[in-house]
Amino acid sequence: MSSSFNDPPNFSGFQMDLVNSYKGVVGLVFGNEKSSSSNEDSYVERLLDCISNGKLAEDRRTAMVELQSVVAESSGAQLAFGAMGFPVMMGVLREERDDVEMVRGSLETLVGALTPIEHSKVPKNEIQPALMNTDLLSREADSISLLLSLLSEEDFYVRYYTLQLLTALLTNSPNRLQEAILTIPRGITRLMDMLMDREVIRNEALLLLTYLTCEAEEIQKILVFEGAFEKIFSIIKEEGGSDGGVVVQDCIELLNNLIRKNTSNQILLRETIGFDPLMSILKLRGSTYSFTQQKTINLLSSLETINLLIMGGSEADPGKDGNKLANKTTLVQKKVLDHLLMLGVESQWAPVAVRCAALQCIGNLIIGHSKNLDAIASKVLGEGQQELALNSILRIILRTASVQEFVAADYVFKSFCEKNADGQKMLASTLIPQPHSMTHAPLEEDVNMSFGSILLQGLTMSENEVDLETCCRAASVLSHVMKDNIQCKEKVLHIELEAPTPSLGASEPLMCRVVKYLALSSSMKNKDGKSSGNAYIQPILLKMLVTWLADFPSAVHCFLDSRPHITYLLELVSSSSATVFIKGLAAVLLGECVIYNKSGESGKDAFTVVDSISQKVGLTSYFLKFDEMRKSFLFTSARSAEPPKQLTRSSSAGVVEPEDVEENNLSDQKDEDLPVLSSIFDAAFVNLVKSLEANIREKIVEVYSQPKSNVAVVPAELEQKSGESDGEYVKRLKEFVEKQCFEIQDLLGRNASLAEDVGATGGASHSWSEQGTGSDRVHVEALRRDLQEASKRLELLKAEKAKVESEASMYKNLAGKMESDLKSLSDAYNSLEQANFQLEKEVRGEKGVGSSGFPDVDAIRAQAREEAQKESEAELNDLLVCLGQEQSKVEKLSGRLLELGEDVDKLLEDIGDDMGLPADGEEEED
C-alpha cells in the first residue's frame, strides 16, 4: 500500500508532509480506541490497496463500492480515508476516465468522506472528520481543476456527483475554493454551463453557485457578465414564479447574492433586463388566499431583493446614493407600490411575515424620496369604496393582533414623516376631534373618515386594557407627526376633547387625556400583577410626550397646568415596579419641564420643578435613572436602520405556516415586546435623549445654584411689637436682615456645591469638562504652541538630513569609482610582474645554453622593475591625494550625520574595502 501511496506519477500533486500530519491527527483522535480504529484503518487500507493495485477490474469495483459504504457510515473510516485515500481517488479520476463506474464510485466516495455523519454522537470539541477531509482536498488547486474538468464528461452521474462534491467543499471551506476557481481558466464558465443542463444537474449547479457567490465580489461580476441574470429569470419563469418550488427560492437567493452591496451589478440589472421580471414574481396570480409555505418563502426572498435594490450598494461605494435614488425612482415607475400594497395591506390572506416585509419595503422606498412620498400620499386602495393607502395602513396599526405587523406599519409613518414637514402638516391638518358619540364607533364603520379622525378615535379610546393598546399605537403615529415640527405640535396642543360624560363638565386638552391613560396603564398593570402583557404601552406614551415637549415651551406650560402631572412623574421615577426605560423616560420628561420652562408663575417655574425633584426623588437618584437607561441593552444597541436579514435555505426553515401566524394572541406577547421597544429606542430618539440629558444636567445645576426670584415671605419677626420704640424696631429689623443674608449666602453656597457634586457623580455632562479653569486652557495653549514649533524644527531637520544623505551618496559613488580605478591599476601592475617573471625565466634558459655574449640580465631586470615601480608610485600618489581629500569630506559629513542621529557605519559600510591588499601581498612575495 505504501508503494502505491508514494507513487510519484500518480499522486505527485499531494504534499506528503500534509498527509503525514493528517495521519498523526488520526492517531491522536483514536488514541484511546486502538482496537476499533486499527480495524477500521486496516480495512480501509486493504480496500484502497485493492483499488490501487488490484488486477481484476471486478475486484477493484467491488472494493470501491465497499469503501464508499464504510466511509459514508463511519467517522473513523472517514478519518482513515483522509489519511490514505485521497491520492488513490484522485489517481482514478485523473487516469481512468474511460472507466465510468470507477469514476462514479470515486466521486461518490469523496462526497461521503466530505459529508458529516449526522447520527454519530461526536462532541463539539472533537475533530470533525468531514471538515478535515474538506481542508485536505481543498488545499490543492490541481484537485479543483481536475473536478471542474469532469463537468464536461458525458455521463450524467459523473457531472451530478462532481457538483455535489464541489458544493460540499464550498460549504466547509468557501474562501479557499473561491480563490482556486478564480485562478482556473473558464472555471466559472463551466459552472454556468451547468444551468442549461438537465433539471437535476441545473438545480445542483444553482445551489453551488449560491454558495460560491456569497461575499465574493469578483465571482459575482464574472457571473453577471456570463449572463446570470437572464438565466435566473428564465428558470424562475419556467418554474412558475412565486408559485414555484424550492428552485425558485434558490434562483432568488442567487440573484440576491449577485446584487447585495454590489452597485455595478445593480446598475446592469436595471439598465439591461430591468425590474419587470421582478415585478412579475411579486404579482399574485390565481387564488390570492392560497399561500403555501414555499410561496411565502419565495415572496419573502423577492421582497428581500427589493430591499437590496433600495439600499443601493456598499457604504464605501461613492456611487451608492445615486444608484439608490435611481433604483427607488425606477421601482415606483414599475408600479412596485401597487404590488407592495397588495401584499402588505389589501391581501388579508397573506401571511403576517409577508405583510410585515411588504410594509417594511414601503417604508424604505419612500423615506427621503419626495416623489415617492407624494405617490404614497395620493395612493388609494379598493375597488368599490376607495380609501387612502395611509388611512388603510393606520387602521392596520390600530386593529392588528400581531405586534410585528404593528411595528412594520408604524415604520411606514415613521419613514413618511422623516424630514417631510409638508407631509406632517398635511396629516396634522386632519386632526379634528369627533363628537363623543362617534369615538366609540367601530373603526371599520366609515371608510370616509379622515386620517386625523381615525387617529384621534384610536387615541381617545380607554376604559380597558385593549383600548389602552390601541391608544398607545395611535400615540406612536402621533409622535411621528409631531417630530421636529413646531406647527404640528401647536396644532395638537390646541385639540380639546369632550369629557367622557357630560356631568364631568367642560372639555379637556389632549395632553391631559394622554397623561391620564399613562397613569391608568400603570395602575391596571399593577392590579393584574402582570408586567409582560403591555410592557411597551407606557414607553410609547412617554416617548410621545417627550417628543411633544421637546423645544416647545407652550407644551411644557400646558403640562404643568395640572399639578398632579408632576406628582405622577415623580412617583413613576421612584417606582420600584417600573422598568428602566419607563423610569428613564419619566426622568427625561421631568427634565424637559425644567429646560423648556419659560414660566415665571409661582408653582410652575423651573425652580419649583427642580425643588420637587430634589425633595421627592433626590438629585443623585434622579440622575442615576439616566445612567441606568443609557447602559441598558436597547439603548446601547440602537441603530438607525437594520439591514435586511439574509434569507437562506437554513434560515427560511423557521418560517411558520400561515395559519399558525394568525393565532397570535395579545395575552401572550412576552417575546414580542422586544421588537416594539427596539423600534421605540431607534437611533434618532436615542440621540435626542442624549442631547436632552446633557442640557438637563446643566440647567438643573444652573437653576439650583441661583436664588429663587420673587419670594414673598412675611415672617412674624417683621411686625413691630407693642411698646417697642422705633429705634429698637429698626435695630431688630437690621439684625434680622443681616441674619437672613448670612443664611441665604450659606444656602446658596451649599446648593452650588451640591449641584456640582451631583453633576460629577451622575456621569457629568460634557459641558462641565468644557468649562475647565482658565489656567488649564492657558497651559494647553502653551503646549499646543510648543508642539507646533517642535514640528516646524523637525521638518527643517528632516530637509537638512535629506540633503546630507544626498551628498553622502554622491561621495560614496565617487569613492567607489576611485576604488575601481585603483583595482584596475593593481591588476596592471600584477600583469607586468608576471611578464617580467616570464622574461627572467627565458633569460635564465638562454644562459644555461652557455652564451657568454649576452648583457647582464639582472641589471636589465632591476632597471625595468625600477621604472615600473616609479610609474606605479606616481599614479598611486595621485590616487592617495584624491582619497585623502575625499576622506576629509567623508569625515566632515560623518560628523554632521552623527549630530543628526544617523548610523554612519551603515551608510559607509561598502566604502574602503582595501581591494588592493592582495596585489601588495603578491609584491612582497616577489
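What follows is a set of questions and answers on this model.

Reply: The model is predicted, so that local features need pLDDT of at least 70 and side-chain atom pairs count only at pLDDT 80 or more, while totals for chains, interfaces and linings use all residues. Residues are numbered from 1 along each chain as its sequence is written, and side-chain values use heavy atoms, with hydrogens and water left out.

Me: How many helices and how many strands does the protein chain have?
Reply: Helices (H or I, at least four residues) and strands (E, at least two) are taken as DSSP runs and numbered from the N terminus. On that basis the protein chain has four strands and 49 helices.

Me: What percentage of the residues of the protein chain count as buried?
Reply: Buried means under 20% relative accessible area, exposed over 50%, and partly exposed in between, with a 1.4 Å probe and protein chains only. Of the 926 residues in the protein chain, the buried share is 46%.

Me: Which residues is Y622 in contact with, leaving aside its neighbours within four places in sequence?
Reply: Contact means heavy atoms within 4.5 Å. With those sequence neighbours left aside, the residues in contact with Y622 are A587, L590, G591, I613, V617, I696 and I700.

Me: At what angle do the axes of helix α23 and helix α24 cross?
Reply: Axes are lines fitted to C-alpha atoms, for helices over the stretch in contact, and angles run from 0 to 180 degrees between N-to-C directions. I362, L365 and I366 in α23 meet N372, L373 and I376 in α24. The axes of α23 (residues 352–366) and α24 (residues 370–378) come within 8 Å and cross at roughly 135°.

Me: Where is L390 placed, and is it buried or exposed?
Reply: Leaving aside neighbours within four places in sequence, L390 is in contact with I376, A377, F413, F416 and L427. Its C-alpha atom is separated from that of F451, 61 residues apart along the chain, by 7.7 Å. L390 has its place in helix α25 (residues 389–399), and at 3% relative accessibility it counts as buried.

Me: How many disulfides does the structure hold?
Reply: A disulfide is a pair of cysteine sulfur atoms within 2.5 Å. The sulfur of C471 is 7.1 Å from the closest cysteine sulfur, in C472, which is too far for a bond, and for C488 the nearest cysteine sulfur, that of C417, is 8.0 Å away. The number of disulfides in the structure is zero.

Me: What is the phi of K419?
Reply: Most residues other than glycine have a negative phi. K419 lies in the loop between α26 (403–417) and α27 (421–428) and is exposed, with a relative accessible area of 82%. Its phi is positive in a residue other than glycine, with a value near 50°.
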